[in-house]
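Please read the numbered points alongside the sequence and the coordinates.

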2 protein chains.
Amino acid sequence: MILKIDMSGEIPIYIQLRNEIVKGIGRGELAPGENLPTVRQLASELGVNTMTVSKAYQLLKSEGFIETDRRKGAVVKPAQAMGEAAEAGYREHLEDELELLSAEAKLRGLKREDFLRLCEDAFAEMGV
Amino acid sequence: MILKIDMSGEIPIYIQLRNEIVKGIGRGELAPGENLPTVRQLASELGVNTMTVSKAYQLLKSEGFIETDRRKGAVVKPAQAMGEAAEAGYREHLEDELELLSAEAKLRGLKREDFLRLCEDAFAEMGV
DNA sequence: TTAATTGTACTATATGATATAATACAAAAC
DNA sequence: GTTTTGTATTATATCATATAGTACAATTAA
């Protein structure tokens, strides 16, 4: 798990952490049942506060991507167990994001085929 | 131009404004050369501060989507004139966003075909 | 020429999110 | 019993966001 965090960027660290971990799970680099680094470990590695990492874990937990337990630590959830907790509105969120990316791509001169190829490539990176 | 702004949401208003206008231009609802509402007009309609709208316009201007001029107001730029101002890093930005969306989609059980169909549909909404 | 309108700048202020530091706790493993 | 886990707490600092009010240069319309 390599976490690319931009400390000087505009995106909050705990959001970047959440995103990187979601991508890690999606790619299969983090398998279901696998343990995430402890908050103290990850905080130490990145040079951030433990609460910042904890906040990222809480977010991932609330979205159903991981489970956390005292002593056991944070564990990646099985994909099918991704409850309907945060499922409401997800579809709309996805469509909205894709609409924005499409508009930007269009205005920057990307052709339909190029855009769709990037979409295919991105999805192809995920899972086995 | 219908602008959906979520005042209680977590995304800053001026960012939402920027996104909605980009989508509007992408869809062709805002044609090149067309005037955007004045900052005072839009601010009044939405019930926000003029500087908030101005900030959105400045962002759009810095990205090359619009031009602003005193008295003339804000005008949508021709698509091809979208300079290479903010072009640097755009490709990486797009790929990064698509990677995140792909990971989330995968983990939520979306099949490749369904994801790609949503991508196609989103792009199809753009332009003529 | 005069009046009005444009985006923008400026100051001051308020609020909330983000992040840190340091400490502590309940629960479980060893 | 000791250690390690995520988490809670308190206090603090900083930055982004947003507002209010005012003003200005430039330009259009009267």
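1. The surface near DNA strand D comprises 9 nonpolar, 8 polar and 6 charged residues. Here Ala, Val, Leu, Ile, Met, Phe, Trp, Tyr, Cys and Pro count as nonpolar, Asp, Glu, Lys and Arg as charged, and the others, Gly among them, as polar. The model is predicted: local features need pLDDT of at least 70, side-chain atom pairs count only at pLDDT 80 or more, and totals for chains, interfaces and linings use all residues. Residues are numbered from 1 along each chain as its sequence is written, with chains lettered from A and ligands numbered from 1 in the order in which they are written.

2. Around DNA strand D there are 23 residues (C-beta atom, placed from the backbone, within 6 Å of the strand). Those that come nearest are A:Thr38, B:Ile13, B:Asn49, B:Thr52 and B:Arg71. The largest share of this surface, 6 residues, is supplied by α3(A); helices (H or I, at least four residues) and strands (E, at least two) are DSSP runs, numbered from the N terminus.

3. DNA strand C likewise has 23 residues around it, of which A:Ile13, A:Asn49, A:Thr52, B:Thr38 and B:Thr68 come nearest. For the surface near DNA strand C, the largest share, 6 residues, comes from α3(B). Its residues divide into 9 nonpolar, 8 polar and 6 charged.

4. Chain A is superposed on chain B by a rotation of 180 degrees with 0.0 Å of shift along the axis (RMSD 0.1 Å), fitted by least squares on the C-alpha atoms of residues with pLDDT of at least 70 in both. That is the relation of a two-fold axis.
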